[in-house]
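Please examine the structure shown below before reading on.

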Amino acid sequence: MQTTANTFPRLLLEHSKQQPDAPAVREKDLGIWQTWSWAAVAREVREFACGLASLGFKAGDNLAIVGANRPHLYMAVVAAQCLRGVPVPLYQDAVAGEMVFMLEDASVEFVIAEDQEQVDKLLECRETRPAIRHIIYDDPRGLRHYDQPGLMSYEKLRELGRAWDAAHPGAFDQSVAAGEPGDVAVILYTSGTTGRPKGVCQTHASFIAAGRGGVETDKLGPGDNIMSYLPMAWVGDHLFSVAQWLVGGFTLNCPESAETVMNDMREIGPSYYFGPPRTFEGLLTAVSIRIEDAAAPKRWLYAKFMALARRVGADILNGAPVGFGDRLMYGIGNLMIYGPLRNVLGMSRIRVAYTAGAAIGPDLFRFYRSIGVNLKQFYGQTETCAYVCLQQDGKVKLQTVGSAAPGIELKIAPDGEVLVRGVSVLKEYYKRPDATAEVLDADGYFHTGDAGVLDAEGHLRIIDRAKDVGRMAAPGGAAAGAMFAPNYIENKLKFFPQIKEAVCFGHERDQVCAFINIDYEAVGNWAERRGLAYGGYVDLAGKPDVLALVADCIGKVNADLAAEEGMADTQIARFMVLHKELDPDDDELTRTRKVRRGFIAGKYAVLVDALYGGKSEQYIETQVKFEDGRTGVVSATLSIVEAKCFAPMKAAA
């Protein structure tokens, strides 16, 4: 369905006229799927917007939105835009202290929250920031006896909206008509890997262009379904679940909870799917655990057909020539292994899937494409609406993120940094002209901070974050040694289901060393099948058998690195398995689960020194934060393990 509307409220109203009874959004609540048509969504958005107007919300005001993926929260995004206000989604797992900064920075007076948990955090925020005047909640459970000023239910706000709309005929329509494509449509806060998060101001024009580019490339429309389960504050969710939803007119599906996503996916059978690499890593880990628990004949059959899939599966998906015998065997494998596997993953009906938000390891990427999942990479940043490069069907390369998306220009700076100019580039950082000037040059190019190269066909290969790419210390005192790209190595490590997170060090050092987080579920399952008793994460992570298991994974990665040109010198020489999982609440990861490398190096400096100091073990005490705000201390004596390294060899060998 073609549409020419140039703001999100107009897009919504257009769909409500062109396909009023088609399903716009679904939500699973208490085990039952509830459906809103496009006409119903438009009606509720109108009531919500008029309700906000009755409370004094006006053009230029910011509406904070905090909670999981709920239909009413997505409607709140458009409701604020109807009044020429700006939605500001916040991460639902952020603690009150983190929220206060963004609420203050965005001068927020109006908030819509999902439930009691979020309301409690906002009331705590209001103790230090009394400017928060109105808190609207969606789920009333547990809030019956709350009587704090400015607290109101979603249904009460709709009631006020209907009355205000009747008393101000034409006001809502005039407000929607007054909206401009260049108006700020949303403020999304950066993950803050290097400092305080910054509010990225993106316009209707930018996000609509980004949404339209993806919709047209993958031919998305009203017949498609998408599962919305990632944080609303993440730019990827805003692109797929708001911009593409309103441009393409497909159906948005909100799961009952984070724990039921897999089951809900199997029920809905989405045709379109997206997620960061961590999500795909988690799915693969779950599959690996099930395979390990299977009977020996099934494990043998799985290994045999997966070897075939790794060899020809991606070629078949790309439409490349494959011999008749291999195609026949792959067809048998599809009936016996790949099809059931896609069903377990909830991907039986997937027509196109994307991963974005961080680099994905080529082994993980190859796995999904080899079993027939049309997984592609989507490259971008919060400052570019997550829209810079797209991989087109039939032109997917495992080592690249695709070519420039429609409306985008790419350029590689002399120092290797990727520069972007085009329809999706941010308008500005909110109240930060200094920061805006740092990332936008005089020619309008946005400086991504990523190091990359363009191949002969214009496909972009991201090496690493520019600030993270370094050089090994050269033997014999030479000026510089091999290039050190930690993220590239870490992604190889995380392909193994036993490894959940990895942090590599090596810049200006003579060898690479690593911190490893085990996947507690996967390794716990492995230990239980071997009768290995353990008393929790700290105990399991320190078991000699577990260290040997991780060492085996690292040895395989080192063998790969030894066969890659220019990477042999970056094999991991020593490692330790950390005594705790890296956690956003401890500031070690961002809310989008990106490693805060510099912070970790400083926090665990004693461990880094031990890795490079030739020690065999190191004692450490670490303060941790619990979900309820309390703090505690985790201590352990960590073993330092020598990894198996290999002599450099040719890739073809």
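A pocket is defined on a 1 Å grid laid over the protein atoms alone: it is an open set of points with protein on both sides within 12 Å along at least five of seven lines, whereas a cavity is a set of points where a 1.4 Å probe fits but cannot get out. Residues that line such a space have an atom within 4 Å of a point. Grid points are joined across faces, edges and corners, and a volume is the space filled by probe spheres set on the points.

This is a predicted model, in which local features need pLDDT of at least 70 and side-chain atom pairs count only at pLDDT 80 or more, while totals for chains, interfaces and linings use all residues. Residues are numbered from 1 along each chain as its sequence is written, and side-chain values use heavy atoms, with hydrogens and water left out.

The second largest pocket has a volume of about 740 Å³. It is lined by 24 residues, and those closest to its centre are Ser 288, Tyr 302, Arg 310, Phe 495 and Pro 497. At least two lining residues come from each of helix H11 (277-293), helix H12 (296-318), helix H14 (362-370), helix H17 (520-529) and helix H19 (544-562). Helices (H or I, at least four residues) and strands (E, at least two) are DSSP runs, numbered from the N terminus. Helix H12 gives the most to this lining, with 5 residues.

The interior comes next. In soluble globular proteins, nonpolar side chains tend to be buried together. A nonpolar core is a set of buried Ala, Val, Leu, Ile, Met, Phe, Trp, Tyr and Cys residues joined through side-chain atoms within 4.5 Å. Buried means under 20% relative accessible area, exposed means over 50%, and partly exposed lies in between (1.4 Å probe, protein chains only). The largest core holds 154 residues, and Leu 63, Leu 103 and Tyr 368 have the most contacts inside it. Helix H2 (residues 38-54) supplies the largest share of this core, 10 residues. A second, separate core of 37 residues includes Ala 502, Val 512, Tyr 537 and Phe 575. Contact means heavy atoms within 4.5 Å. Neighbours within four places in sequence aside, the residues in contact with Leu 63 include Phe 48, Leu 52, Ala 76, Val 88 and Phe 110.

Charged side chains can also be followed in pairs. A salt bridge is a side-chain nitrogen of Lys or Arg within 4 Å of a carboxyl oxygen of Asp or Glu, and the structure holds 40 of them. One joins Arg 70 to Glu 114, with the closest N and O atoms 3.8 Å apart. This pair links distant parts of the chain, 44 residues apart: Arg 70 is in the loop between strand S3 (62-66) and helix H3 (71-82), and Glu 114 is in the loop between strand S5 (110-113) and helix H5 (116-128). Are the two partners buried or exposed? Arg 70 counts as buried because its relative accessibility is 9%, and Glu 114 is buried at 12%.

Another salt bridge is formed by Glu 642 and Arg 574, whose closest N and O atoms are 2.8 Å apart. Glu 642 in strand S29 (residues 641-642) and Arg 574 in strand S26 are 68 residues apart. Here Glu 642 counts as exposed, at 52% relative accessibility, whereas Arg 574 is buried, at 7%. Elsewhere, a network of salt bridges links Glu 44, Glu 47, Glu 155, Arg 158 and Arg 162.

The last stop is the backbone of two loops. Most residues other than glycine have a negative phi, and most peptide bonds are trans. Leu 30 lies in the loop between strand S1 (23-29) and strand S2 (32-37) and is exposed, with a relative accessible area of 66%. Ala 386 also has a positive phi, near 60°. Ala 386 belongs to the loop between strand S14 (375-379) and strand S15 (389-390), and counts as buried because its relative accessible area is 7%.
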